[in-house]
Amino acid sequence: MNLYPVIILAGGIATRLRPISEKIPKALVEVGHQPFINQQLRLLHSHGIRDVIISAWYRGEMIRESVGDGKEFGLTVEYVFDGETPLGTGGAIRQALGLLNGPFFVLYGDSYLPCDYADIQSHFDQHKQPGLMTVYRNQGKWDTSNVEMVDSQILCYDKVKRIPNMAFIDYGLGLFQPDVFSSLAEGQPADLAEIYQKLIAGQGLLAYEVKQRFYEIGSFEGLRELDELLTSNPDQFLKKEKP
């Protein structure tokens with residue numbers, strides 16, 4: 001099964017990780033004795049991903065200098081850059097459409113997600129909706145829940161206005177058809193959360209429930225936890241090839 005390309009949104013300035021992120025982008029923060037982007041790419045490769053687009057802004061050239069063309073990871077890695085001002089998560093995806101010719105995954109640049117990418121893609125292809133959000137039954141444990149889901153359909157998603165029925169959280173991985181973003185003005189800021197809201201309004205946002213919890217380095221607590229896990233066993237989340 002050929003898996004769709006992955007856009008990694010790595011443009012943020014990581015204010016919550018200051019002073020670590022004052023001189024380097026979040027993607028290059030050390031986790032398990034490696035830059036975090038290395039850990040992300042190794043994980044993606046182990047799950048069958050072969051094509052990655054890194055969308056960058058803050059100190060983005062440092063990421064390209066570190067990762068290069070991706071051959072070290074068994075991947076083809078390309079880059080898009082926001083320009084002088086940040087484009088936001090939605091605008092950054094719009095910027096990458098010229099490198100795509102079909103559906104694609106979107107992965108947050110601070111997320112480490114040991115999920116079944118192939119099964120998520122199969123679920124997306126089967127249901128033929130324009131967008132998919134992966135969710136985790138969080139129950140407020142790892143972060144504040146922000147998703148209401150019923151029968152694999154997202155009914156409500158909001159990071160600000162929470163309601164009691166929100167038992168799930170946005171896991172950090174989306175899957176989209178390109179035309180979801182093609183109507184956005186190129187080079188103009190846009191927010192992925194707003195795109196999700198429009199898809200929900202049109203009953204076009206499919207859900208996929210992931211059973212394996214997510215990991216992240218967007219906070220010092222998350223960074224510490226994942227660093228300890230990957231330092232003790234660097235390959236524990238990698239998908240092992242079948243003999």
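Visitor: Which elements do the buried residues of α4 pack against?
Guide: In this predicted model, helix α4 spans residues 117–127 and has Tyr-117, Ile-120, Gln-121, His-123 and Phe-124 as its buried residues. These cover an arc of only 160 degrees around the axis, which puts them on the same side of α4. The elements that this buried set packs against are α1, β6 (104–108), β8 (131–137), β11 and β12 (205–209).

Visitor: Why can the buried residues of α6 be said to line one face of the helix?
Guide: The buried residues of α6 are Leu-192, Ile-195, Tyr-196, Leu-199 and Ile-200. Seen down the helix axis, they line one face because they fall within an arc of 140 degrees.

Visitor: Which exposed residues does α6 carry on the face turned away from its buried side?
Guide: Here a residue counts as exposed when its relative accessible area is over 50%, and the face in question is turned away from the buried side of α6. The exposed residues carried there are Lys-198 and Ala-201.

Visitor: Which residue caps the N-terminal end of α6?
Guide: At that end of the helix, a side-chain oxygen of the capping residue lies 2.9 Å from the backbone nitrogen of Ala-193. Just after α6, by contrast, the feature to note is a positive phi of about 55 degrees at Gln-203. The N-terminal cap itself is Asp-191.

Visitor: Is Gly-91 buried or exposed?
Guide: Gly-91 has its place in helix α3, and leaving aside neighbours within four places in sequence, Gly-91 is in contact with Gln-188 and Ala-190. The C-alpha atoms of Gly-91 and Pro-189 are separated by 4.9 Å, although these residues are 98 apart along the chain. The relative accessible area of Gly-91 is 1%, and buried means under 20%, so Gly-91 is buried.

Visitor: What separates the C-alpha atoms of Leu-87 and Gly-187?
Guide: Leu-87 lies in the loop between β5 (76–81) and α3, and is buried, with a relative accessible area of 2%. Its contacts, leaving aside neighbours within four places in sequence, include Gly-187, Gln-188, Pro-189 and Ala-190. Leu-87 and Gly-187 are 100 residues apart along the chain, yet the separation of their C-alpha atoms is 6.9 Å.

Visitor: Which element gives the largest share of the lining of the largest cavity?
Guide: The structure holds one cavity of 30 Å³ or more, and its lining consists of Gln-40, Leu-43, Leu-44, Leu-107, Ser-111, Tyr-112, Leu-113 and Tyr-117. These residues divide into six nonpolar, two polar and no charged. At least two lining residues come from each of α1 (36–46) and β7 (111–112). The largest share, three residues, is that of α1.

Visitor: Which residues are closest to the centre of the largest pocket?
Guide: About 1,300 Å³ of space lies in this pocket. Its lining divides into 20 nonpolar, 14 polar and 14 charged residues, and among the elements giving two or more residues to that lining are α3 (88–96) and α6 (192–201). Of the 48 lining residues, the closest to the centre are Arg-16, Lys-26, Tyr-108, Asp-110 and Lys-159.

Conventions
Residues numbered from 1 in each chain as written. Predicted model: local features only at pLDDT ≥ 70, side-chain atom pairs only at ≥ 80, totals over all residues. Heavy atoms only, no water. 1 Å grid on protein atoms, 1.4 Å probe; cavity = no way out; pocket = protein on both sides within 12 Å on 5 of 7 lines; lining within 4 Å. Points joined across faces, edges and corners; volume = space filled by probe spheres on them. Helix = DSSP H or I, 4+ residues; strand = E, 2+ residues; numbered from the N terminus. Nonpolar A, V, L, I, M, F, W, Y, C, P; charged D, E, K, R; others polar. Buried < 20%, exposed > 50% of the residue type's maximum accessible area, 1.4 Å probe, protein only. Contact = heavy atoms within 4.5 Å. Arc of directions from axis to C-beta. Polar contact = N/O pair within 3.5 Å; in protein donor to acceptor, adjacent residues only side chain to side chain.
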